[in-house]
Amino acid sequence: MTDMFLYRTDFPFSDKVINFKELNTKNQLDIEKINLYYPQSPEFYLDYHENFFKIIKECVENKEDFEKLNIIEYVLFCLKLRIVSIGNIIEFNMKSDREDVENIKIKINLSDIMQNLVNLSINALKEHYVYEEDKELLITLGYPPIQSVGYLYESMLSDKHMGEKVLDSLPFFIKNIKIKNDVIDFDGYSYQQRLKAYETFPVSIKDKVEKLLINCITKLSEENIFNIEHFKDQKFNFYNLFFIDFLRIFFSQSPKSVYEEIYILSNFHVNSDYVMNISPSERKVFISFIKAQQKTKESNDDTISNDMENRRNSRAVEDLAVEFGDIPPN
Amino acid sequence: MEQENVNILNFDDALRALDTISEVFSVNVWIPSKKKEYLFKEIDAKQQKTMLSSAMNSSVYNTTFIKNLYEILNSNFLDKENIKDLKDFTIYDKFSIAISLKDKTSEETSITFDETDNIVKKVSLNPIIEKFKTFETPENQFLEFDNQNIKVKLEISVPTIGKELEYEEQIHKKEKKVDDIKNNDEIQQIISEAFIGETTKYIKNIYINENDLNFQNVDFIKKIKLVEKLPSGILQKVLQLVSKWKAEIDSILTISIEENGKTYTKVLNIDSILFLN
């Protein structure tokens, strides 16, 4: 069966358009498997991320473009994929702070989070150019690419002071440099190459770049993207790879319920290959049909047995009437 | 709209292009000993990092900073036709270069005027740059000393940056960390070695009864051995002259501010910290 990539999305920071299809049952099960396998602890963030990324990439048609997204765009894409494939509402049961209530239900609309993240990231990097007109030098800044996760992971686990972590990561925030008509595109550069190029910056230019980026990183780390009291401490921070956990939570579902749905569909003669290829939303539609069918069947069964009972009852009345020389009722 | 004709560079070409553009970020520096300006490239991010590592160095000597700054001066000197002049620049010229390079990277420099009163101010280094333009490099001087028909004559000059580097490379080959110092005797030894070493740097030549000892062409280990044999009276005279010159250069490097009705004065240290504030 040919994969159809029916959806497309563009991004706030790059000119890329990503064509994608919904997450299917197999992808969802794979995610649940890595959710179960990798502990939710920073040491496993990189392994988890690499596998999660592989699964998400299966839903994308133009994979090369996808690999060049920055971390913010990647998170936005994952949220969009989650909305299209599973739905935009997530409900959590959280432990309540109140003594009289044990748990409270928190409802999150992923579309709102996407909008918050777009607004916040654009606002934080409002000034994303360093321009030296007389030297015809233009430096464009951007968020770190998704390929920088390995570097950020090593940095997160290192003993470095936070200030050092931030300063050392800045080469990842350079998108490109234009000198007259020459363009230096940092996109495919490794950290070492980026660093080598960054270190050639005259200090007066490096200081301007540093000032804008530190301002951006500070703004990101101050804003609450959830707008929910319970998650007020969850800020977008590249240095603790918070987004990996964030996506894990939004994509997690009980594997038991997924298997249950597959089981039910198989029992109703839905081809198992087909089930593996449909999205969680489609699966829900089939399940709703089956439930409705079951309900109808149950109600039909009730009607038939009532009819039979009624019929049995009317026959008995007729017989009785004849026996007593009466006319049976209609 | 007109289509822009852009050229995407590969990594090697990109580095070359960045190197070329960095030369546009240049600064004219007044060199007092030559009484003219030379063109230097602004320090780059890597060189600033090197300065940071010098600042973190816990050596009792200033060797790392001296070597790093010498490297920077060499690679950032854009007046390639006059490159041979560079090693003859004096250590006072080096101060002028360091201040100008620092001034180019930021308009103001944070200076601690008083640690007790916590007086830290951001000041412009431009007044110092202007003062350097009036600074007269001390002329070489001859000091003579007669003792029992032996006439000792010393030629004293401001050390060049080339000689300063030579001294560090020959004498402070082995780094001595602050933690390596075990007792007061060691501290005293370091101070007395530094005193002789500093004095030696200022002695350009020695003549005994008008015989040239070819002092210029021996290494610093031998130079120090010779200086240690000089009568203390003549060393005292050298010290007085060096102190006088130091006072002159300190007056150039002095910055004053008024704060809470008080005047605070600071002689700027030319060290790695300067490039980080």
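In the predicted model, A:Leu138 lies opposite A:Lys178 of strand β7 in chain A. This pair belongs to the antiparallel pairing of strand β6 (residues 137–141) of chain A with strand β7 (residues 174–179) of chain A, which are joined by five bridges. Strand β7(A) also pairs with strand β8 (residues 182–185) of chain A, again in the antiparallel sense, through four bridges. Within this second pairing, A:Asn176 has A:Asp185 of β8(A) as its bridge partner. Two residues separate β7(A) from β8(A), and the two strands form a hairpin. In the turn of this hairpin, A:Lys180 has a positive phi of about 55 degrees.

Considered as a whole, the contact between the chains involves 24 residues of chain B and 21 residues of chain A. On the side of chain B that touches chain A, β1 (7–8), α1 (11–22), α2 and α4 (91–105) of chain B each contribute at least two residues. The most is given by α1(B), with eight residues. By class, this side of chain B comprises 13 nonpolar, six polar and five charged residues.

Helix α2 (residues 45–56) of chain B is also in contact with a helix of its own chain, namely α3 (residues 63–76) of chain B. The axes of these two helices come within 9 Å and cross at roughly 170 degrees. Because angles over 145 degrees count as roughly antiparallel, α2(B) is roughly antiparallel to α3(B). The residues that make the contact are B:Gln47, B:Thr50, B:Met51 and B:Ser54 of α2(B), together with B:Thr64, B:Phe65, B:Asn68 and B:Ile72 of α3(B). Three of the residues in this contact are nonpolar and five are polar, while none is charged.

Chain B also contains an open sheet of four strands, arranged in the order β6-β7-β8-β9 with antiparallel pairing. The edges of the sheet are formed by β6 (141–147) and β9 (211–212) of chain B, each of which pairs on one side only. Seven bridges link β6(B) to strand β7 (residues 150–156) of chain B in the antiparallel sense, and B:Gln141 is placed opposite B:Ile156 in β7(B). Helix α9 (residues 232–252) of chain B lies across β6, β7 and β8 (203–208) of chain B. Relative to β6(B), helix α9 of chain B runs at about 160 degrees.

Note on methods. Residues are numbered from 1 along each chain as its sequence is written. Chains are lettered from A and ligands numbered from 1 in the order in which they are written. This is a predicted model: local features need pLDDT of at least 70, side-chain atom pairs count only at pLDDT 80 or more; totals for chains, interfaces and linings use all residues. Axes are lines fitted to C-alpha atoms, for helices over the stretch in contact, and angles run from 0 to 180 degrees between N-to-C directions. Angles under 35 degrees count as roughly parallel, over 145 as roughly antiparallel, 65 to 115 as roughly perpendicular and the rest as oblique. Two residues are in contact if their C-beta atoms, placed from the backbone, lie within 7 Å. Ala, Val, Leu, Ile, Met, Phe, Trp, Tyr, Cys and Pro count as nonpolar, Asp, Glu, Lys and Arg as charged, and the others, Gly among them, as polar. Two strands pair if DSSP finds at least two bridges between them.
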